[in-house]
Each structure stands twice: as C-alpha cells, then as structure tokens.
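Please consult the sequence and the model shown below while reading.

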Amino acid sequence: MAPGGLTCPDCGSSNIVDDDLYSQPQLVCEDCGSVVSEGALTIDRPEGTDVSYSQTTAVTKQPCVNQIKGLQRVKALCRILRLNSEIEELAQMYYKQAYQHRDFIRVSLHKKEALGGCCVLVSCQLRNWPITMGSISCLLDADPMVVGVVYQEMVKTLSIQAPTASITDVLEAHGQEYKISSLDVPEELAENSKDLTKRAVALVELAADSWLVTGRRPLPIMMASIYLAWQSLKPTRVRLKYTLDKFCLLAKVSKYKPALKRIAEIKEVLCKLGQEIPWVGADVRPDNVMLQVEDILKHRYALLRRALRTHDALMVELQPSCEDSLPGIQSKVSHLEEAAPSQISGLVAQTANKSCEEACEPNAEMAEQPGGGDLSSGSEPELHTGTITHGCQAPAPHWGKRVLFAPPCVKHPKIRRVERPVLQDVTGDEEISDSEIDMYIRTPQEVRDFARTKKMLSSSEEEKEQEG
C-alpha cells in the first residue's frame, strides 16, 4: 500500500499502490495508471560499504615476463662478479623498486637491461665492493653513456646516496685481471700481484697530484699505471722492450687505446721530477726514466715542491728579459733613420720578432708586427719605434701554459671556431681613400713621383681658375 495522504495528481484518487514488478520501484495510481513517483535504481543501504571493481576481482599481482628476465639478469651478474648474498638481495630489491616506478615503466627494453646493471653497481658501492661502471657496461655489452644516464636517473628516483669509488680502491680488483703470475708467464716476466698493485697505486696517486686523473676515465689510467709499475719493478732490458700491445697479450687483457696517451703523460711527469734528483741530474728521458721510478715515488713530495720552486724561479727570470731587449731594438732603429721607408719597416719588424722570440717565453704567442703603414713624405721612423714597444709586450699566455702542472683540459684547450665576417661583393666602383693609396707606395722614387704629380694637378687647377 502507498503511504497515507498521497493522491493521484491526475484523477485525485487515493488508491495508490506499489509497483515492484521491475528493478525500479514505482508508486502507480490504480484507477488511471499514472505514475505518481519513481524510485532510484540503486538503494543505499546503511550497512554496506563502497568497494571498487578492481578490489572485488583482484588477485595477487604477478611480475611480468620482462621483470622476471631482469631479475634473472641481476642474479647472473652477481654470480659472475662473485658477490655475496647480501649484495645480491639488495640489487634485486632495488631492481623491483625501480622497475615498478612510474619513471621506468614505459622505457625501452634496452634501458631496462641497463637498469639491472645499475642496481648491481649501486649495491656494490653501498657495500664498499670495488667495481666500475665500465666493467658493468662490458658485462652488459651496452653503451657506457646509456648506462651512465640510467644510473643517474635511478639514483635520483630512488633517492640513493651512493658513495663515489676511488680509483685506488678499484685498482686492486682491476689488477687481478692481469695474468702475469709465475704460473702464467716466464719467471723473468712474472710479478707478484701485491707488489704490482702497491706500485701502481703510488703511480696513480702521483698522477692525481699532477692533475692527470682529473676528468679522465679510470680504466686507461689504471692500465697505464699497471704497465709502468710492471716495467719499473724490474727494469730489465727484456721488460723495457715490451710495448703496451705485447704486455696486453702477455697479461691476456684487452687494450684501451687512451692508455698510450696516459703512459706518455705519466712519463712526462716522472721526467720532470727525476730531473730534480741531485744524484741523477738532468739526464732523465722517457726511455730511461723507469730506472728512477722507485726513487721518484719514495721522495715524490719533496721532488714536487722542488720542481715547483725551480719552475717559479725560471718564470720570474723570463719576465723582465723582454723589457731588457727594447734598448737594443731602439738603437738599431736609430741607425736606419736615413734608409728607405720600406727597408725600415721590414728590418724593424724582423729585429723585434727575433729579439722577443729569444727573450720571451717560448709558448707565448707574439703579437703581429705591421709590415708597413702610411709611408708618405710626412711619415717618421719614430712611429715604428712605438710600435715595437707595444709588439714586444705580447699578451700573457694562458695560465695553463705558465704553470708546471695543470689539468689536461687547461693545458690543451679546444680551439674555438671564430666566425669569419661575410665578404661583401666587390664591384670595382668603390671609392679609394688617399690613405689606402698611400699604403701601396713603397719606394722613395714613387713618393717623389706622387708628390710631383699632385703638385702639377694642383697648379693646373689654379691656372684654370685664373683663366675662368
């Protein structure tokens, strides 16, 4: 029955009944059939709660196929590197967290493969296990640049504060890859692993003190230090004849091409310090410096200070030498006052360049001397004397060339491209100024002819004005 007092708005009948035939309940007038009121499709029951569809049908979420393969790859890397179970579990945990993060859900499979190696790398760093990013890239057969980018993104996403590994910490593990023990090579070429690592660490520390490690990849520096350490421990004729290629074949390792440059740079530093040894003298060259490596490393701090003092004293002596050479240049110019203007300009420029090159620093770039200027009848040789004074005061060279030790990027800066001005179209109708005409006059005869012609033209113009 309908609630009391309810009537039909059409016929006014109070005979209202409930129609529950369908899912939507309605109040219908039994006399005329009009619908008095409609109910809701759903009924909110006070005892019920809202449950989403995914919760009612959810089951335990299973990892996808790529995630399972990634976890297997992480486990394989840990087994290859012979890591303990703690580092392996930590790497797998980081991989699961990073894989399910929104920043790594829709990346390429190539980056997801690199992600597993980055998790192993950061786990080793957190547990003080020496390993480099280059080793991980080699195991994954991936581009080191891609691995580096993924590593930076992963550390930032998971908020991991990973300590940076020192090259000396990694050197001991890197030295184990060289098969040069007495069981692998002949006795005259064999070397103890501990002694080799100790000497290589000392060479790397010396390279770091002389700015050779700054901004460089660690693997070529480590290879160069191990090669030089192997030669310096027993500097026999057989070992000194071994090149880096033969050494890599002997030790059964892959050669890094930049290691040749690192070897040359370390030898250059050793030669600079070896020349400061009192009982050796200046006869230290790259081909015989291996004989003095033990003494150099033993007294490297004293030799570094002595080499820096010697270089500073040499720079102080070279600075006033350029100024002392100016009176000689000016005296030579005074003897040339009666000569032709072209001879004065050429000889002065030659004398200035020669004197400055002998007195000033060899690496300084000399300012360009003008070959000729306004050499008309009113020019004086004193103008060239002033030019010499400014030319010998050449701009100071870059500070990387003035100091004894500097970072490689400072000593050998990249040459910047200079934008050349756009050449304008020359039609031949351009006006030529008198000063430009005078620049092409060189001999005294031409000066006299030009003055005579100019005088004749001026006199002819005056005669025409008088006649007019």
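Which residues gather in a patch of negative charge on the surface? The patch is formed by E461, E462, E463, E465 and E467.

## Basis of the report

This is a predicted model, in which local features need pLDDT of at least 70 and side-chain atom pairs count only at pLDDT 80 or more, while totals for chains, interfaces and linings use all residues. Residues are numbered from 1 along each chain as its sequence is written, and side-chain values use heavy atoms, with hydrogens and water left out.

## The negative patch

Helices (H or I, at least four residues) and strands (E, at least two) are DSSP runs, numbered from the N terminus.

Patches are made of residues with over 30% relative accessible area and no salt bridge; like charges are joined within 9 Å, and nonpolar side chains (Val, Leu, Ile, Met, Phe, Trp, Tyr) within 5 Å. Lys and Arg count as positive and Asp and Glu as negative, whereas His and the chain ends are not counted. The place of a charge is taken as NZ of Lys, CZ of Arg, CG of Asp or CD of Glu.

## Overall architecture

The chain contains 22 helices and three strands. Of its 468 residues, 34% are buried; buried means under 20% relative accessible area, exposed over 50%, and partly exposed in between (1.4 Å probe, protein chains only).

The chain exposes about 31,200 Å², of which carbon and sulfur atoms supply 52%. Accessible areas come from the Shrake-Rupley method with a 1.4 Å probe, and for residues only the protein chains shown count as cover. Among contacts (heavy atoms within 4.5 Å) between residues at least 6 apart in sequence, 62% join residues at least 24 apart.

## Salt bridges

Side chains of opposite charge can pair when their charged atoms come close. A search of the whole structure finds 12 salt bridges, each defined as a side-chain nitrogen of Lys or Arg within 4 Å of a carboxyl oxygen of Asp or Glu. One of them joins the side chains of E205 and R300, with an N to O distance of 2.9 Å. Because E205 lies in helix 8 and R300 in helix 14 (residues 300–318), this pair ties together parts that are 95 residues apart in sequence. E205 is partly exposed at 32% relative accessibility, whereas R300 is buried, with a relative accessible area of 8%.

K272 and E268 also meet through their side chains in a salt bridge, at 3.8 Å from N to O. These two residues are four apart in helix 12 (residues 259–274), a separation of about one helical turn. K272 is partly exposed, with a relative accessible area of 22%, and E268 is likewise partly exposed, at 40%. In the salt bridge between D283 and R285, the closest N and O atoms are 2.6 Å apart. D283 counts as exposed at 51% relative accessibility, while R285 is partly exposed at 39%. Finally, a network of salt bridges links R216, R262 and E265.

## Positive phi angles in loops

D141 has a phi near 55°, a positive value in a residue other than glycine. D141 is placed in the loop between helix 5 (133–140) and helix 6 (144–158), and its relative accessibility of 72% makes it exposed.

Another positive phi in a residue other than glycine occurs at W211, where the angle is near 70°. W211 belongs to the loop between helix 8 (193–209) and helix 9 (218–233). With 39% relative accessibility, W211 counts as partly exposed.

## Pairs separated in sequence

P9 lies in the segment before strand 1 (16–19) and is exposed, with a relative accessible area of 65%. The C-alpha atoms of P9 and V35 are 9.4 Å apart in space, and the two residues are 26 apart in sequence.

D169 is found in helix 7 (residues 167–175) and is partly exposed, with a relative accessible area of 47%. From C-alpha to C-alpha, D169 and I131 are 8.9 Å apart in space, with a separation of 38 residues in sequence.
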